[in-house]
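Q: Could you walk me through this model, one feature at a time? I would like the general idea, then the case at hand.

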Amino acid sequence: MNHVEYPGYAQIAGAAARIRAYTHFQPCLFRPPGGAANSSVIASAGSLGMRTITWDVDPQDWSLPGTEAIYSNIVRHARDGSIILMHDGGGPRGETLAALPQIIDALRARGFGFATVSELLGDRILYRPYG
């Protein structure tokens, strides 16, 4: 739909309705655009049954900084429990894709594993069929 920072209830509800219509799943997680979250955004998402999730590592891959910059940013900033933001749409993603094998190898060499956000939350929140 759009990428408005600090979306209101109507924007979040509209996006959730489209997700339900196209996938037949009720969204349960919400990532605020740009990480812009305040009590109103969190409450709006919560009233729709969604938990707000943000990240702590942003390689800014959307800006096409180059494969090496994406790699360096992630490997330098990743910590135990980090959530890494990466983009898979909205423009060319060749740099992101090219960086991934190196990122995975480097983080595994440091003893990191990989998990979904639901796994990080202890599988307490799962996508639920709608209807």
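**Reading the model, feature by feature**

A: Start with arginine 20, which counts as buried because its relative accessibility is 18%, and the cut-off for buried is under 20%. This is a predicted model, so each value is computed from predicted coordinates.

Q: Where does arginine 20 lie, and which side chain does it join in a polar contact?

A: Arginine 20 sits in helix H1. Its side chain makes a polar contact of 3.2 Å with the side chain of glutamine 26. For scale, take arginine 20 and alanine 115: 95 residues separate them in sequence, and 24 Å separates their C-alpha atoms.

Q: How far should I trust the coordinates? What is the mean pLDDT of the chain?

A: The general idea comes first. Where pLDDT is low, predicted coordinates should not be read in detail. Here the chain has a mean pLDDT of 90, with 92% of its residues at 70 or more. Confidence is highest in H3, at 98. It is lowest in strand E4 (residues 128-129), at a mean of 51.

Q: How many helices and strands does the chain have, and in what pattern do they follow along the sequence?

A: There are five helices and four strands. Along the sequence the pattern reads α-β-β-α-β-α-α-α-β. The C-alpha trace spans about 40 × 30 × 30 Å along its principal axes. Of the 131 residues in the chain, 31% are buried. Now look at the contacts with a separation of 6 or more: 63% of them link residues 24 or more positions apart.

Q: How do I read a nonpolar core? Which residues make up the largest one?

A: In soluble globular proteins, nonpolar side chains tend to be buried together. In this chain the largest nonpolar core holds eight residues: Ile12, Ala13, Ala16, Phe30, Val41, Ala45, Leu48 and Met50. Two elements give two or more residues to this core, helix H1 (9-23) and helix H2 (39-47). H1 supplies the largest share, three residues. Alanine 16 contacts Pro27 and Met50, leaving aside neighbours within four places in sequence. A second, separate core has seven residues, among them Ile70, Ile74, Ala99 and Leu107.

Q: Now a charged residue. Is aspartate 61 buried or exposed, and which side chain of opposite charge is nearest?

A: Aspartate 61 is buried, yet has no salt bridge. The nearest side chain of opposite charge is arginine 93, 5.1 Å away. A salt bridge needs the charged atoms within 4 Å. Aspartate 61 does have a polar partner: its side chain and that of threonine 96 are joined by a polar contact of 2.9 Å. In the chain, aspartate 61 belongs to the loop between strand E3 (51-52) and helix H3 (67-77). Beyond residues up to four places away in sequence, aspartate 61 touches Ile70, Leu85, Met86, His87, Arg93 and Thr96.

Q: What can backbone phi tell me? Where is histidine 24 found?

A: Most residues other than glycine have a negative phi. Histidine 24 has a positive phi of about 65°, although it is not a glycine. Histidine 24 is in the loop between H1 and strand E1 (25-26). It counts as exposed because its relative accessibility is 53%. Leucine 64 also shows a positive phi, near 55°. Leucine 64 lies in the loop between E3 and H3. With a relative accessible area of 39%, leucine 64 is partly exposed.

Q: Which residues does proline 65 touch?

A: Proline 65 is in the loop between E3 and H3. At 37% relative accessibility, proline 65 is partly exposed. Not counting residues up to four places away in sequence, proline 65 touches Pro59, Gln60, Ile70 and Glu95. Between proline 65 and glycine 113, 48 residues apart along the chain, the C-alpha distance is 25 Å.

How values were computed. Residues numbered from 1 in each chain as written. Predicted model: local features only at pLDDT ≥ 70, side-chain atom pairs only at ≥ 80, totals over all residues. Heavy atoms only, no water. Core = buried A, V, L, I, M, F, W, Y, C linked by side-chain atoms within 4.5 Å. Buried < 20%, exposed > 50% of the residue type's maximum accessible area, 1.4 Å probe, protein only. Contact = heavy atoms within 4.5 Å. Lys, Arg positive; Asp, Glu negative; His and termini not counted. Polar contact = N/O pair within 3.5 Å; in protein donor to acceptor, adjacent residues only side chain to side chain. pLDDT = per-residue confidence, 0-100.
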